[in-house]
Amino acid sequence: MSLIKGIKGVKDLLPEETPRWRLIEEAARRWAHRYGFHEIRIPIFEVTTLFARSIGASTDIVEKEMYTFQDRDGTSLTLRPEGTAGTVRAYIEHNRAAIPVPQKYFYFGPMFRHERPQAGRLRQFHQFGVESLGMADPQADVEVIALLWRILSDLDLPGLTLEINNLGYTVDRDTYRPHLVSYLKQHESRLCANCRHRMEANPLRVLDCKVPECRAITEAAPRLTDSLSETARSYFTRVLSGLDLVKIPYSLNHRLVRGLDYYNLTTFEVTATNLGAQNAVGAGGRYDGLVETLGGPSTPAVGFAVGLERVAMLLSASSVEKVPQGATVYVAGFGDRGAVVGLTALEELRLAGFQAVSDFRSVTLKAHLRQADRLQCRFSLIIGDDEVVKESAILRDMKTKVQHDVSLSALSPEIHLLLAGS
RNA sequence: GUGGGUGUAGCUCAGCUGGUUAGAGCGCCGGAUUGUGGAUCCGGAGGUCGCGGGUUCGAAACCCGUCAUCCACCCCA
């Protein structure tokens with residue numbers, strides 16, 4: 001009999017770490033709400049072609065990282081590798097374009113990518129994401145970027161940096177690509193093997209190669225900026241001045257190229273220190289063509305996603321360890337009659353709104369008090385056979401060791417009174 | 001998919017060039033304190049040394065394989 005273990009790259013979140021996650025989720029929710037985003041809950045799996053069409057058939061995600069399987073009727077389904085595709089699908093399917101107010105959504109949930117696990121990278125990981133659909137104005141970009149920045153800074157993550165770039169329109173990239181390729185061809189022999197391949201498949205990706213040799217070459221390469229149309233340029237300028245206005249610090253990075261095909265114009269990424277190699281905490285951009293590619297009405301859109309595991313990693317390094325709230329009342333019922341009365345006292349306290357706990361394995365008062373201490377309870381309610389006879393229990397303040405008799409017939413009012421007094 | 005590190009008690013880790021009953025700290029249980037927790041002291045329990053094979057008189061240690069895990073490449077949030 002071999003032990004059944006969890007799947008590689010798929011983690012359990014144990015009660016010790018769950019408060020940290022709640023903190024992150026609450027911050028994200030709070031800020032999303034302030035910015036006027038509403039929660040959407042979309043399925044965890046979809047028809048495979050949705051992802052192939054939106055993310056891009058030649059991306060790594062679609063080529064080799066998706067969890068794809070056959071449904072019983074043979075249709076190909078896949079576990080979502082990201083949240084945008086499903087959100088857009090829902091937007092189209094429910095004809096949300098017809099609603100005369102901006103459609104601004106946020107979501108939380110697990111995503112699935114078959115990658116080799118490492119620091120900050122799992123096969124089942126969690127994202128918080130935001131999609132702002134319908135507004136083709138730079139202010140919409142600013143709004144989304146500001147929201148991302150606000151959430152992450154509110155959580156006080158170390159070494160946050162916002163990098164931003166302008167990918168222009170598809171036509172802009174089409175005019176730029178030949179310039180880049182012909183330049184790269186001249187230096188082909190000095191490029192890494194990977195980049196030589198990328199040069200054919202997706203030349204823009206060569207720009208964010210980390211190999212120093214490649215970087216040196218691309219440093220002098222023709223820049224996308226110089227091929228951008230006037231409209232693309234002025235759009236980006238207005239995004240930047242909007243960020244200045246609302247005081248979001250950023251730095252330009254002309255190498256910033258996203259790994260998903262649907263982005264255009266504004267792209268951005270927030271990185272942090274102390275994250276190891278996977279240092280992107282949140283990233284996103286504008287994707288004006290996606291709704292239409294998926295069969296919906298032409299709809300401009302911007303969004304981002306945040307990697308929650310990565311945020312959680314950073315948060316552990318900083319200051320979270322201050323919320324281990326223990327229970328307020330430990331009920332120590334022991335002896336034949338005390339145990340019985342203890343059970344009813346527990347229930348009575350809970351109905352009255354207290355958090356009340358006990359360890360039913362403990363038979364002696366000593367053992368009970370030890371557990372009360374471990375559980376960091378504020379009070380212990382001692383009920384032994386003697387107390388049952390007297391019809392009054394002993395309420396012990398675990399910190400001050402002060403004890404009061406409280407009558408068993410009026411437990412919760414008397415505890416309320418003592419609490420109010422202290 | 002490729003490379004490297006690490007697998008010894010519940011946890012964190014020692015264990016020298018192979019040598020006899022495998023250790024520490026923390027945690028756990030019990031006692032000192034038969035109805036009063038945390039501290040102290042005393043005592044105790046707990047290990048297929050990841051798994052399989054090989055070398056050897058002898059393997060936790062050496063060799064081969066395998067699995068797990070971590071980190072990096074790649075990719076991305």
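What follows is a working chat about a predicted model of a protein with RNA strand B.

Trainee: Before we get into details, what kind of model is this?

Mentor: This is a predicted model, and that should be kept in mind for every distance and angle we discuss.

Trainee: OK, let's start with the RNA. Which residues come nearest to RNA strand B?

Mentor: There are 47 residues around RNA strand B, and of these Arg116, Arg198, Arg205, Asp386 and Lys401 come nearest.

Trainee: And how does that surface split by class, nonpolar, polar and charged?

Mentor: The surface near RNA strand B has 22 charged residues, together with 15 nonpolar and ten polar ones.

Trainee: Which element gives the largest share of it?

Mentor: That is H14, which supplies six residues of the surface near RNA strand B. Several other elements supply at least two residues each, among them helix H3 (60-65), helix H7 (193-201), strand E10 (280-286), strand E11 (301-307) and helix H15 (385-390).

Trainee: On the RNA side, how much of what lies within 4 Å of the protein is sugar or phosphate?

Mentor: Of the atoms of RNA strand B within 4 Å of the protein, 48% belong to sugar or phosphate, while the rest belong to bases.

Trainee: Switching topic, how do H2 and H4 sit relative to each other?

Mentor: The axes of helix H2 (residues 48-55) and helix H4 (residues 84-93) cross at roughly 105° and come within 9 Å. An angle from 65 to 115 degrees counts as roughly perpendicular, and H2 and H4 are therefore described as roughly perpendicular to each other.

Trainee: Which residues actually meet there?

Mentor: From H2 the residues are Leu50, Phe51 and Ser54, and they meet Ala85, Gly86 and Arg89 of H4. By class, the residues of this contact comprise three nonpolar, two polar and one charged.

Trainee: Is H4 mostly covered or mostly open?

Mentor: H4 is mostly covered, with seven of its ten residues buried. Those buried residues are Thr84, Ala85, Gly86, Thr87, Val88, Ala90 and Tyr91.

Trainee: What do they pack against?

Mentor: The buried residues of H4 pack against H2, strand E2 (45-47), strand E5 (103-112), E6 and helix H11 (290-293).

Trainee: You mentioned E6, so where does Ser132 belong, and is Ser132 buried or exposed?

Mentor: Ser132 is placed in strand E6, which covers residues 124-133. Ser132 counts as buried because its relative accessibility is 0%. Leaving out residues up to four places away in sequence, Ser132 touches Phe37, Gln103, Lys104, Ala140, Val144, Pro300, Ala301 and Val302.

Trainee: Back to the end of H4, what is the phi of Asn95?

Mentor: Just after H4, Asn95 takes a positive phi of about 50°. Most residues other than glycine have a negative phi, and Asn95 is a residue other than glycine with a positive value. Asn95 lies in the loop between H4 and E5, and with a relative accessible area of 48% Asn95 is partly exposed.

Trainee: What about Ala97, which residues does Ala97 touch?

Mentor: Ala97 is also found in the loop between H4 and E5, and, not counting residues up to four places away in sequence, Ala97 touches Tyr91 and Pro297. The C-alpha atoms of Ala97 and Thr299 are separated by 8.0 Å, although the two residues are 202 residues apart along the chain. Ala97 is partly exposed, with a relative accessible area of 38%.

Trainee: Where else does a residue other than glycine have a positive phi?

Mentor: One of them is Glu391, with a phi near 60°. Glu391 is in the loop between H15 and E15, and it counts as exposed at 57% relative accessibility.

Trainee: Last one, Asp359: where is it, and why does it count as buried or exposed?

Mentor: Asp359 is found in the loop between strand E13 (356-357) and H14. Asp359 counts as buried because its relative accessibility is 11%, and buried means under 20%. Apart from residues up to four places away in sequence, Asp359 touches Tyr330, His368 and Gln371.

Terms used: Residues are numbered from 1 along each chain as its sequence is written. Chains are lettered from A and ligands numbered from 1 in the order in which they are written. This is a predicted model: local features need pLDDT of at least 70, side-chain atom pairs count only at pLDDT 80 or more; totals for chains, interfaces and linings use all residues. Side-chain values use heavy atoms; hydrogens and water are left out. Helices (H or I, at least four residues) and strands (E, at least two) are DSSP runs, numbered from the N terminus. Buried means under 20% relative accessible area, exposed over 50%, partly exposed in between (1.4 Å probe, protein chains only). Contact means heavy atoms within 4.5 Å. A residue is near a molecule or strand if one of its heavy atoms lies within 4 Å of it. Ala, Val, Leu, Ile, Met, Phe, Trp, Tyr, Cys and Pro count as nonpolar, Asp, Glu, Lys and Arg as charged, and the others, Gly among them, as polar. Axes are lines fitted to C-alpha atoms, for helices over the stretch in contact, and angles run from 0 to 180 degrees between N-to-C directions. Angles under 35 degrees count as roughly parallel, over 145 as roughly antiparallel, 65 to 115 as roughly perpendicular and the rest as oblique.
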